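Here is a friendly walk through one protein model, meant to be read with the structure open beside you.

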Amino acid sequence: EAFKCRMKAVLFFVLPSIAEFMLTWCKSIFKSKIMARFQLLHGDLDKLHKQVPKKILPEEYGGEAGKMDVLWGAWIKKLESYNQWFSEHEKLKSDESKRHGGAWIKKLESYNQWFSEHENLKSDESKRHGGKFNSENLFGFEGAFRKLELD
């Protein structure tokens with residue numbers, strides 16, 4: 001529910017045994033609808049080709065997009081072309097003194113004395129109208145009913 005993108009599927013082509021174990025364990029935690037989208041293909045190329053078009057897969061996986069080494073090199077070159085952008089944005093930082101949360105914490109800390117003074121205040125139950133307060137008066141009957149008889 002916190003992940004705002006709609007995930008169609010997550011395909012695992014080849015996984016180490018520990019990762020397979022973790023995926024199986026996660027099935028007990030996540031909703032079944034989400035876990036149905038996680039598919040373990042066990043290296044089966046036919047299953048992969050049903051899910052992913054061959055034109056975008058590398059040749060090593062039966063695709064038509066070229067050799068994986070060439071594709072990897074092209075992506076490295078593309079990322080390196082953004083080097084200046086990454087360098088400029090690495091210097092950008094937020095001014096934490098202007099963050100709203102800091103003012104809120106200071107406001108809360110200003111009430112420390114009031115909380116300390118009122119911490120030990122309690123009601124005098126002997127002065128309560130209708131007798132002493134107890135949970136039976138509030139919730140009805142206490143105890144367990146093992147047998148219920150109706151007339």
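## Contacts along the chain

Among contacts in the protein chain between residues at least 6 apart in sequence, 41% join residues at least 24 apart. Please keep in mind that this is a predicted model. Its mean pLDDT is 81, and 83% of the residues reach 70 or more.

Helix H4 (residues 68-81) has the highest mean pLDDT among the elements, at 94, while helix H8 (residues 135-139) has the lowest, at 62. A word of care for such places: where pLDDT is low, the predicted coordinates should not be read in detail.

## Layout and surface

The chain contains eight helices and two strands. If you trace the elements from the N terminus, the order is β-α-α-β-α-α-α-α-α-α.

Of the 151 residues, 8% count as buried. The accessible surface of the chain comes to about 14,600 Å², and carbon and sulfur atoms account for 58% of that surface.

## Nonpolar residues, inside and out

Which residues make up the largest nonpolar core? There are five: Phe13, Leu41, Leu48, Val52 and Leu57. If you click on Val52 and set aside residues up to four places away in sequence, you will find that Val52 touches Leu11 and Leu57. As a general point, nonpolar side chains in soluble globular proteins tend to be buried together.

Now turn to the outside. Ile18, Phe21, Met22, Trp25, Ile29 and Phe30 form a nonpolar patch on the surface, and together they have about 670 Å² of accessible area. Trp25, one of the patch residues, sits in helix H1 (residues 17-26). With a relative accessible area of 48%, Trp25 is partly exposed, because the exposed class requires over 50%.

## Two loop residues around strand S2

Arg37 is located in the loop between helix H2 (32-35) and strand S2 (38-40). Is Arg37 buried or exposed? Its relative accessibility is 14%, so Arg37 counts as buried, the cut-off being under 20%. Leaving aside neighbours within four places in sequence, Arg37 is in contact with Arg6, Met7, Lys8, Ala9 and Val10.

His42 belongs to the loop between S2 and helix H3 (45-51). At 55% relative accessibility, His42 counts as exposed. Its backbone deserves a look too: phi of His42 is near 55°, a positive value in a residue other than glycine. For context, most residues other than glycine have a negative phi.

Gly66 is found in the loop between H3 and H4, and with a relative accessible area of 18% it is buried. What does Gly66 touch, not counting residues up to four places away in sequence? The partners are Pro58, Glu59, Glu60 and Leu71. Gly66 and Lys55 are eleven residues apart in sequence, and their C-alpha atoms are 9.1 Å apart in space.

Glu59, one of the residues that Gly66 touches, also forms a salt bridge with Lys67, the closest N and O atoms being 3.7 Å apart. The count for the model comes to one salt bridge. Both partners are partly exposed: Glu59 has a relative accessible area of 41%, and Lys67 has 47%.

Key: Residues numbered from 1 in each chain as written. Predicted model: local features only at pLDDT ≥ 70, side-chain atom pairs only at ≥ 80, totals over all residues. Heavy atoms only, no water. Core = buried A, V, L, I, M, F, W, Y, C linked by side-chain atoms within 4.5 Å. Buried < 20%, exposed > 50% of the residue type's maximum accessible area, 1.4 Å probe, protein only. Contact = heavy atoms within 4.5 Å. Salt bridge = Lys/Arg side-chain N within 4 Å of Asp/Glu carboxyl O. Helix = DSSP H or I, 4+ residues; strand = E, 2+ residues; numbered from the N terminus. Areas by Shrake-Rupley, 256 points an atom, 1.4 Å probe, with all protein chains shown as cover. pLDDT = per-residue confidence, 0-100. Patch = residues over 30% accessible without salt bridge, like charges linked within 9 Å, V, L, I, M, F, W, Y side chains within 5 Å.
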